[in-house]
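Work through the exercises below with the sequence and the model in view. Each task is followed by a solution in steps.

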Amino acid sequence: MKKLFLIGIIFVVIGAGGLLLTGVSFSTDEEKKIVEERMLEGDINTVEIDIDIGKVTVTESERDNIVVHYEGTVPTDQFTFEAESNGNRAQIVAKSKPQIFSFPFISSNWNAKRELLVELPKRGMEKVVIHGDVAAIYADTEHVATLEAKSDTGKMSIEKFHGEQLTLRSDVGSIFVVEASGGMDIQTDTGNIDLTVTEVTNHIRLKSDVGQIDVKLQQVPDALGLDIASDVGPVSVANLKGFDQFTGSPIRAFKGEGGPILDVKTDVGSITVR
């Protein structure tokens with residue numbers, strides 16, 4: 001009995017420590033509606049965005065400055081909204097403050113509106129980084145050189161990207177890229193990937209653990225390599241100039257020499273490249 005009592009005490013201490021470290025709380029504070037708008041001036045070339053719950057929209061405008069607009073119903077006195085610049089870097093944060101003994105995902109009002117809009121100058125940015133915990137991410141950033149976006153849970157949509165490197169990550173959620181060129185690294189653990197490439201100029205890597213992948217190439221370069229495989233699911237390559245029609249897995253084919261590689265993999269799901 002004494003050993004069982006000691007073991008019980010140890011589990012209680014470990015559990016309490018875990019709550020403290022993870023910022024879990026049992027509070028149920030009231031909520032309030034806020035509307036915030038900020039303008040960030042200066043020679044900014046890097047923007048970092050962090051949101052916990054809601055929708056993030058990043059677009060481009062004719063303005064010379066960055067405009068940030070946030071509207072939502074948030075926990076009273078437990079919410080942080082920041083839009084600040086330091087040198088050539090801007091940081092935008094819209095998320096609940098970590099509290100001891102709270103369960104934010106349980107106590108949050110999931111139906112409440114929480115939307116963050118960031119307008120970037122059309123002159124372009126060197127780098128934009130977006131992170132969402134449970135968030136839908138939409139970006140129309142044609143003139144951004146490097147775009148990185150990650151969502152733990154939520155749909156991700158990229159309207160237009162013609163920069164150097166596009167990196168997208170989603171733990172649970174589908175990823176849609178309507179128009180893109182440049183290097184790409186797109187991965188989701190659970191969800192589909194739908195990609196349209198206007199021009200293949202660099203390596204493209206697509207990976208889904210569970211989900212189908214659909215790739216449309218509007219132009220096929222003179223040199224291109226294909227490395228495509230699905231552990232469980234049909235695979236097909238059709239109507240690509242300079243390539244035969246392929247079905248089955250894996251598919252490895254090359255056209256020309258020294259060209260970029262289209263690397264498409266899924267553990268469970270179909271793959272179509274056309």
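**Starting point: R274**

R274 is partly exposed, with a relative accessible area of 38%; partly exposed lies between buried (under 20% relative accessible area) and exposed (over 50%), with a 1.4 Å probe and protein chains only. The model is predicted, so local features need pLDDT of at least 70 and side-chain atom pairs count only at pLDDT 80 or more, while totals for chains, interfaces and linings use all residues. Residues are numbered from 1 along each chain as its sequence is written, and side-chain values use heavy atoms, with hydrogens and water left out.

**Exercise 1. Find the salt-bridge partner of R274 and the network around the pair.**

Step 1. Apply the definition: a salt bridge is a side-chain nitrogen of Lys or Arg within 4 Å of a carboxyl oxygen of Asp or Glu.

Step 2. The side chain of R274 meets that of D214 at 2.9 Å, N to O.

Step 3. D214 is in strand β15 (residues 213-217) and R274 in the segment after β21 (271-273), so the pair links distant parts of the chain, 60 residues apart. Strands here are DSSP runs (E, at least two residues), helices are runs of H or I of at least four, and both are numbered from the N terminus.

Step 4. D214 is buried, at 17% relative accessible area.

Step 5. Widen the view: salt bridges link D194, D214, K216 and R274 in a network.

**Exercise 2. Compare two further salt bridges, K127 with E148 and R205 with D185.**

Step 1. K127 and E148 form a salt bridge of 3.6 Å, N to O. K127 belongs to strand β7 (residues 125-140) and E148 to strand β8 (residues 144-153), so the pair ties together parts 21 residues apart in sequence.

Step 2. K127 counts as partly exposed at 31% relative accessibility, and E148 counts as partly exposed at 29%.

Step 3. For R205 and D185, the closest N and O atoms are 3.6 Å apart. This pair links distant parts of the chain, R205 in strand β14 (residues 204-210) and D185 in strand β12 (residues 183-190), 20 residues apart.

Step 4. R205 is partly exposed at 36% relative accessibility, whereas D185 is buried at 17%.

Step 5. A search of the whole structure finds 21 salt bridges.

**Exercise 3. Which residues have the most contacts inside the largest nonpolar core?**

Step 1. A nonpolar core is a set of buried Ala, Val, Leu, Ile, Met, Phe, Trp, Tyr and Cys residues joined through side-chain atoms within 4.5 Å.

Step 2. The largest such core has 63 residues, and V47 and L116 have the most contacts inside it. Strand β7 gives the most to this core, with six residues.

Step 3. List the neighbours of V47, taking contact as heavy atoms within 4.5 Å. Leaving out residues up to four places away in sequence, V47 touches I66, A90, I92, L120, M125, K127, V128 and V129.

Step 4. For the protein, 45% of its 274 residues count as buried.

**Exercise 4. Describe how β4 and β5 are joined.**

Step 1. Two strands pair if DSSP finds at least two bridges between them.

Step 2. Strands β4 (residues 79-86) and β5 (residues 89-96) run antiparallel and are joined by eight bridges. F79 stands opposite S96 in β5.

Step 3. The hairpin of β4 and β5 has two residues between the strands, and G87 takes a positive phi near 70° there.

Step 4. In total, the protein has two helices and 21 strands.

**Exercise 5. Locate a cis peptide bond and a residue other than glycine with positive phi.**

Step 1. Most residues other than glycine have a negative phi, and most peptide bonds are trans.

Step 2. The peptide bond from S249 to P250 is cis, with omega near 0°. P250 sits in the loop between β18 (246-247) and β19 (251-255).

Step 3. N239 has a positive phi, near 60°. N239 lies in the loop between β17 (235-237) and β18 and is exposed, with a relative accessible area of 65%.

Note on methods: Contact means heavy atoms within 4.5 Å.
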